[in-house]
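Let's take a friendly walk through this structure together. Have the coordinates open in your viewer as you read.

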Amino acid sequence: MVIKVFLASSSGSTAIKKKQQDVVGFLEALKVDYTQLDIACNEENRMWMRQNVPEEKKPANGIPLPPQIFNENGYCGDYETFFDAKEDNMVYAFLGLPPPPGSKEAEQADEAHVVENGTHAEETNAEENPDDSIEVPVEERNGDAHGDEEQAADEEEEGEGGEEEEEEVAEGETADDEATEGETAGDEAPAKEDQAVEETDEVTEDTAQAEEEEEQEEEDLQSEEEEELRQLEEQDEQGSEEEEEAEVQEEEETE
């Protein structure tokens, strides 16, 4: 299986360049075999990438931007999904590759396998050792232990009378203490509720501000990427026109 990374070698967008470098650098660090396919200088690569990115994964304008990652003809994802997989130590699963032994991802997979099959292992042990699951009567296991238990029970009943009275007194004192604590807690509760409301309002305002800033950054990045893509298409069209003019000039000189 060959990992394919579609890139734009002549991209003027610093954001796209950084994303491409992050993907390539991480794959090289993991020693994953991959192939770089340039969409800036090869129209076939560009058309293949656009056609094979699933519709639900494309942006609103329908034009996916590099980097895009494939395993053979199977779509893996774009930079955002690759970054999420890297943060979760799930890059090999993202690429559709088995994790190497000793890696964090392999250890996580082993732990998940143990948890998933733990009950099954217990049942297997029970089947392999049927003698352990057979109950043996108490009298047979402990001999005369049952008789000793009856004698101890009679002695305990004699002392229960005095103990019950002490327990009743203790329970009465405990109830008084709990009532006093309940009154104190009732006075402190309103102050804590007011403080919690104020903290919640502050967190909500900070979250809203952070979301607005993030949305603005995404809009700026999308505009920059769309402009870069338009420039790439114009360069391709200009190159085609120059080739046609050169062919016409050669024909005229030949005549």
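This is a predicted model: local features need pLDDT of at least 70, side-chain atom pairs count only at pLDDT 80 or more; totals for chains, interfaces and linings use all residues.

Start with helix α1, which covers residues 14-29, and helix α3, which covers residues 79-87. Their axes approach to within 11 Å, with a crossing angle of roughly 40°. An angle under 35 degrees would count as roughly parallel and one of 65 to 115 as roughly perpendicular, so α1 is oblique to α3. As for handedness, the crossing of α1 past α3 is left-handed.

Which residues bring these two helices into contact? On the α1 side they are K19, D22, V23, F26 and L27, and on the α3 side they are Y79, E80, F82 and K86. Sorted by class, this contact between α1 and α3 holds five nonpolar and four charged residues, with no polar ones.

Now turn to R46, which sits in helix α2, residues 43-52. Is R46 buried or exposed? Its relative accessible area is 4%, and the cut-off for buried is under 20%, so R46 counts as buried.

Setting aside neighbours within four places in sequence, R46 touches I39, A40, L232, E233 and D236. Finally, look at R46 together with F6: the two are 40 residues apart along the chain, and their C-alpha atoms are separated by 8.2 Å.

Conventions:
Residues are numbered from 1 along each chain as its sequence is written. Side-chain values use heavy atoms; hydrogens and water are left out. Axes are lines fitted to C-alpha atoms, for helices over the stretch in contact, and angles run from 0 to 180 degrees between N-to-C directions. Helices (H or I, at least four residues) and strands (E, at least two) are DSSP runs, numbered from the N terminus. Angles under 35 degrees count as roughly parallel, over 145 as roughly antiparallel, 65 to 115 as roughly perpendicular and the rest as oblique. A crossing is left-handed if the near helix is turned anticlockwise from the far one by less than a right angle, and right-handed if clockwise. Contact means heavy atoms within 4.5 Å. Ala, Val, Leu, Ile, Met, Phe, Trp, Tyr, Cys and Pro count as nonpolar, Asp, Glu, Lys and Arg as charged, and the others, Gly among them, as polar. Buried means under 20% relative accessible area, exposed over 50%, partly exposed in between (1.4 Å probe, protein chains only).
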